[in-house]
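Good morning, and thank you for making time for this presentation. I would ask you to keep the sequence and the structure in view while I speak.

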Amino acid sequence: MNEKAFDQVVSQVAEEVIDLTQKIVQFPSVLKPPVGKEGECQAFIANWMQDVFDEVDVFELPEAPGFLKHPAHWKYSDYEGRPDVVGIIKGSGTGRSLLFNGHVDVVPEDPLPWQHAPFGGELDDGKIYGRGAADCKGGLAASLVAVKAIRKAGIKLKGDLIVQSVVGEEYAGANGTLAAVLRGYTADAGISVEPSGMELGTSTRCGRLYEIKVRRDESLFMASDQQSNPAFLIARMVMAMEEFHNKRNAKKPKNAIYHNVPQPQPASVVKIKAGQVEQGGLIGVPPEAWLHAWIYGMPETTEQELDEEVRGFYKNWIQKDETFKTNPPEIIGHTRFLEGSVVPLNHPIVKTTANCFKKVIKKEVPIGPTTITGDLGVLVNWGKTPTINLGPRGDHYHDSDEYVIVQDLVDLVSIYAHTIMDWCGVED
Ligand SMILES: [Zn+2]
């Protein structure tokens with residue numbers, strides 16, 4: 001099939017991405033560890049895949065060999081009724097294999113209120129609104145419709161094509177992708193459909209959520225000394241975190257592709273708790289207080305290195321503070337360490353995808369690091385699948401009125417479809 005005829009087929013099906021995105025956004029597939037409600041959404045996707053793929057594999061995560069004992073497995077999840085779904089098209093065996101990876105779990109609809117219903121999937125002014133529209137159901141829908149275009153065009157691929165629709169990505173999850181990899185779904189290259197703003201991301205940073213906990217010094221009468229009130233203690237820990245953030249971002253990071261990123265290694269305080277904040281809570285000096293901070297590291301940074309950096313900074317910081325010397329804070333890795341990933345800029349999947357982007361959009365795709373942290377570390381490091389990130393523009397992820405740009409989804413169907421053809425190869 002010549003390119004023009006293929007483009008015609010693509011344009012016939014591309015707009016299906018709108019309806020498909022709306023439909024899957026309407027499933028409230030919320031993950032609130034340890035409970036994930038992805039089951040119904042995954043059943044819908046498995047059913048949709050039946051008409052398009054040669055094989056559809058639906059499996060609960062512990063069915064993947066070695067999953068529960070794997071070092072990258074994060075032991076918090078309840079796995080029942082929330083399977084991974086993988087669609088496979090077998091190539092003739094003479095080409096390179098390609099996989100797409102996207103997750104269907106979403107964070108809760110907070111903060112409220114929204115102007116658009118959180119699970120309405122409303123289409124308004126060229127945007128689809130809803131929790132997960134951008135992160136990352138829109139991109140997942142685009143990859144599925146791209147495969148449909150390949151099928152509809154009657155193309156026989158040389159290399160295998162795999163689409164992983166996984167569960168459990170949010171909250172530094174990665175368990176869904178880990179299970180897919182351990183079930184054997186790896187490839188010569190991969191594309192993560194996380195919302196990258198129509199930029200091609202080659203590397204992702206590592207990261208971890210840390211908890212810093214301070215306690216009342218019980219040797220002191222609680223009201224006699226403000227310095228031992230955990231609310232004051234945690235306030236100083238927040239200021240320390242700001243100093244940590246500023247110091248580590250003042251110097252150029254090791255990895256050169258982050259040199260143009262203004263804040264390459266953020267340390268963001270995301271939650272603070274002191275006292276019984278709920279209605280009717282006790283009035284009194286709180287016995288303890290904590291903060292949560294998401295701390296990024298460079299793609300190559302190991303768990304031990306990140307841990308040493310955080311603990312080392314606080315160790316020095318509290319040396320200057322009399323109260324903390326006798327009553328030090330506790331520093332806890334609150335989630336798993338989410339590994340970063342590196343794909344060299346000159347890897348062939350970067351070139352192939354960039355060429356296909358240019359063919360469709362008629363301009364060069366910006367190539368650089370992604371600002372997200374996600375499952376790419378598992379795909380690259382454990383799945384040995386060099387995986388890049390190319391997904392749509394959108395905004396308000398993990399916020400009210402999340403949306404994705406519809407035109408990007410339509411364009412991505414075409415970019416992904418061309419990339420599949422060019423990467424996997426086509427039988428005459
Ligand atoms: Zn995501």
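This is a predicted model: local features need pLDDT of at least 70, side-chain atom pairs count only at pLDDT 80 or more; totals for chains, interfaces and linings use all residues.

**Sheets, helix contacts and selected loops**

I turn now to a second open sheet. In what order do its four strands, β6, β7, β19 and β20, lie? The order is β6-β7-β20-β19, and the pairing is antiparallel. Its edge strands are β6 and β19, the latter at 394–395, and each pairs on one side only. Between β6 and β7, residues 127–129, there are two bridges in the antiparallel sense. Within that pair, L123 stands opposite I128 of β7. Two helices pack on this sheet. Helix α2, residues 16–25, touches β6, β7 and β20, and its direction makes about 15° with that of β7. Helix α11, residues 406–424, touches β7 and β20, with a direction at about 55° to that of β20.

These two helices also meet each other. The axes of α2 and α11 come within 9 Å and cross at roughly 115°, and the crossing is right-handed. On the α2 side the contact is made by V17, I18 and T21, and on the α11 side by V406, L409, V410 and V413. Sorted by class, the residues of this contact are six nonpolar, one polar and no charged.

Helix α1, residues 3–13, packs with helix α4, residues 133–152, at an angle of about 135°, their axes being 9 Å apart. That angle makes α1 oblique to α4. Here too we find a right-handed crossing. The residues in contact are V9, V10 and V13 of α1, together with V145, K148, A149 and K152 of α4. This contact divides into five nonpolar, no polar and two charged residues.

Next, consider strand β9, residues 189–192. Strand β9 pairs with β5 in the parallel sense over four bridges, and G190 is the bridge partner of L99. Strand β9 is also joined by three bridges to β18, residues 387–389, and these two run parallel. In that pairing, G190 stands opposite T387.

Leaving aside residues up to four places away in sequence, E122 touches H116, A117 and Y129. E122 and V25 are 97 residues apart in sequence, yet 9.2 Å apart in space, C-alpha to C-alpha. P111 lies in the loop between β5 and β6 as well. The peptide bond from D110 to P111 is cis, with omega near 0°.

Another cis peptide bond runs from P33 to P34, with omega near 5°. P34 sits in the loop between β1, 31–32, and β2, 35–36.

K384 is not a glycine, although its phi is positive at about 50°. K384 is placed in the loop between α10, 376–382, and β18. Why does K384 count as exposed? The reason is that K384 has 11 other C-beta atoms within 10 Å, and a residue with 12 or fewer is exposed. D401, also not a glycine, has a positive phi of about 55° and lies in the loop between β19 and β20. D401 counts as partly exposed, because there are 16 C-beta neighbours inside 10 Å.

Notes: Residues are numbered from 1 along each chain as its sequence is written. Axes are lines fitted to C-alpha atoms, for helices over the stretch in contact, and angles run from 0 to 180 degrees between N-to-C directions. Angles under 35 degrees count as roughly parallel, over 145 as roughly antiparallel, 65 to 115 as roughly perpendicular and the rest as oblique. A crossing is left-handed if the near helix is turned anticlockwise from the far one by less than a right angle, and right-handed if clockwise. Two residues are in contact if their C-beta atoms, placed from the backbone, lie within 7 Å. Ala, Val, Leu, Ile, Met, Phe, Trp, Tyr, Cys and Pro count as nonpolar, Asp, Glu, Lys and Arg as charged, and the others, Gly among them, as polar. Two strands pair if DSSP finds at least two bridges between them. A residue is buried if 20 or more other C-beta atoms lie within 10 Å of its own, exposed if 12 or fewer, and partly exposed in between; C-beta atoms are placed from the backbone.
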